[in-house]
Amino acid sequence: AQEQLWVVREVLPETILAPVKAFLESQGLPVLATLSDQQPPLVGALEAIWPGVPHQWCQAHYLRNLAQPLYERDQALKTALRQEVRRAIRRSLREVAAQTPGGAFSPQVVTGLILAESSEPVPAAATSEAVQGYARALTESLGRKGRAPFVRAGLALWEDLQAIRDSLARCLAWRGEPHLRYWHDIPAQRLPADAQPFAEVRVAKEWVDTLRRILDEAPLPSWEEPGLGSDEVARRFAYALGQIADQQGLGPWLESFRQHLFTVSESYWSGLFVGYAIVGLPRTTNDLEGLFGQIKRYLRRQTGLRQLRHWLQRQGAWLGYRSQGETVAALHRRLAQVPVEMYRAERARFAHRQECFRPRYHWRRDRDAVLAQLESCWASTGPDSS
C-alpha cells in the first residue's frame with residue numbers, strides 16, 4: 001500500500017465532509033489527523049466532523065504570517081533606496097549603455113513578445129569592459145525584485161551596493177575614471193542613512209530564518225525512524241524563542257516585530273508540531289499548490305486561455321506546447337509548415353535571449369567573483385584604455 005493524502009476543502013460540512021467521513025468509516029479507514037490553515041470556516045468544519053482528532057496547522061501559512069511585516073519593511077526600504085540611487089545614476093548608465101554593443105545591460109522578462117533588436121549604432125570610442133561590467137552590476141542590483149515572504153530584495157540591494165562601492169574604491173585606488181568615481185560616490189553618500197534600518201532587517205531575518213530552519217530540518221517520522229517527536233521539536237522551538245526574548249537594546253521597529261513574532265507563534269502553537277509525531281502527516285501542502293497555481297497564472301497571462309489542457313514547457317519568453325494525442329508524424333507535418341529560415345532565426349534569437357540572462361545568473365549567485373573579475377580587468381588595462 002502507498003501513502004495517500006486526502007485534501008477536503010469545503011465550508012459546508014454537511015454537504016461534503018459528512019459523506020467523506022461515512023465513506024472512510026465504511027472502509028475501516030481511521031482519520032489519524034487533519035491539516036489546514038487557520039481559516040475559521042474550514043477549522044470549524046473539521047472540528048465538527050472529526051472532534052478530538054489531532055490537527056496540524058499549515059507551517060507555510062504560519063511562516064508567511066510571521067514574516068509578512070519583515071517583508072513589508074524590507075520592500076519599503078528597497079523602494080526608497082532604489083529610487084534615489086537610480087535617479088542619481090540613470091544618466092551615466094545610459095551614457096555607458098549607448099557605448100555598449102546591444103545598448104542594454106539587463107534583459108527584462110517579457111510575456112511571449114518578440115523583442116526588437118537595437119538599431120542604434122555603437123560609437124567608435126566605446127567604454128572599457130570593466131566600466132561596462134560595473135554598469136551592468138548596478139543595473140542588475142537596482143532591478144532586484146522581492147517575493148513574499150522570504151525573498152527580500154531590499155537587503156540584497158543594500159548588500160549589492162555596499163559590495164560595488166567597496167570594489168570601486170579598490171579600482172579607483174589603482175586609477176581614476178569619471179563614471180567609476182561617480183558610481184562610487186553616490187552609494188557612499190546614500191548608504192549610511194539606511195545602515196540602522198537594514199541592520200534591524202538583518203536581525204529580524206535571522207530570527208525568522210532560525211525558526212524556519214528548526215521546522216524544516218526536524219525530520220518527520222516514518223515507519224522505520226520515529227524522528228525527534230513533537231515534544232522535542234517544540235522544546236527546540238521554545239528555546240529559540242527564549243533566546244530572541246532575551247535580546248536587549250532593540251529599536252522600536254524590532255521591538256514591535258518581536259512582539260508580532262511571539263503573538264503569531266502563540267496562536268499557532270497548539271498545532272504547529274503535530275506532524276512530527278504522526279507518520280504520513282505532512283507539515284504543509286502549499287509547495288505543490290503554489291507551484292501549480294503559479295504555472296496556471298503565468299500561462300493564462302501569456303496565452304489568454306481560460307483553461308489549460310496541454311503539456312507545457314516554459315523557457316524564458318517562449319512557450320512550447322505538445323498535444324497529448326499527437327503522433328510524431330503529425331508533429332512533423334505541422335512543423336514542416338514553418339520555413340527553415342524562420343525557424344533558424346527564431347532559434348538564434350532564443351539562444352541570444354538566454355545568453356543575455358547569463359550575467360544576471362552569475363551576479364546573483366556569485367557576486368564577489370564577478371566583482372573580483374572586474375577589478376582584475378580594470379587593473380590589467382593601461383591608463384589610456386579607459
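With which residue does Arg 190 form a salt bridge? The partner is Asp 194, and the closest N and O atoms are 2.8 Å apart; a salt bridge is a side-chain nitrogen of Lys or Arg within 4 Å of a carboxyl oxygen of Asp or Glu. The structure is a predicted model, in which local features need pLDDT of at least 70 and side-chain atom pairs count only at pLDDT 80 or more, while totals for chains, interfaces and linings use all residues. Residues are numbered from 1 along each chain as its sequence is written, and side-chain values use heavy atoms, with hydrogens and water left out.

**Salt bridges**

- A search of the whole structure finds 19 salt bridges.
- Arg 190 and Asp 194 are both buried (buried means under 20% relative accessible area, exposed over 50%, partly exposed in between, with a 1.4 Å probe and protein chains only).
- Asp 209 and Lys 205 form a salt bridge of 2.8 Å, N to O.
- These two residues, Asp 209 and Lys 205, lie four residues apart in helix 7 (residues 195–217), so about one helical turn separates them.
- Lys 205 is partly exposed, at 27% relative accessible area.

**A network**

- Asp 368 pairs with Arg 367 in a salt bridge whose closest N and O atoms are 3.8 Å apart.
- Asp 368 is exposed at 54% relative accessibility, whereas Arg 367 is partly exposed at 22%.
- Through salt bridges that share partners, Arg 144, Asp 160, Arg 367 and Asp 368 are joined into one network.
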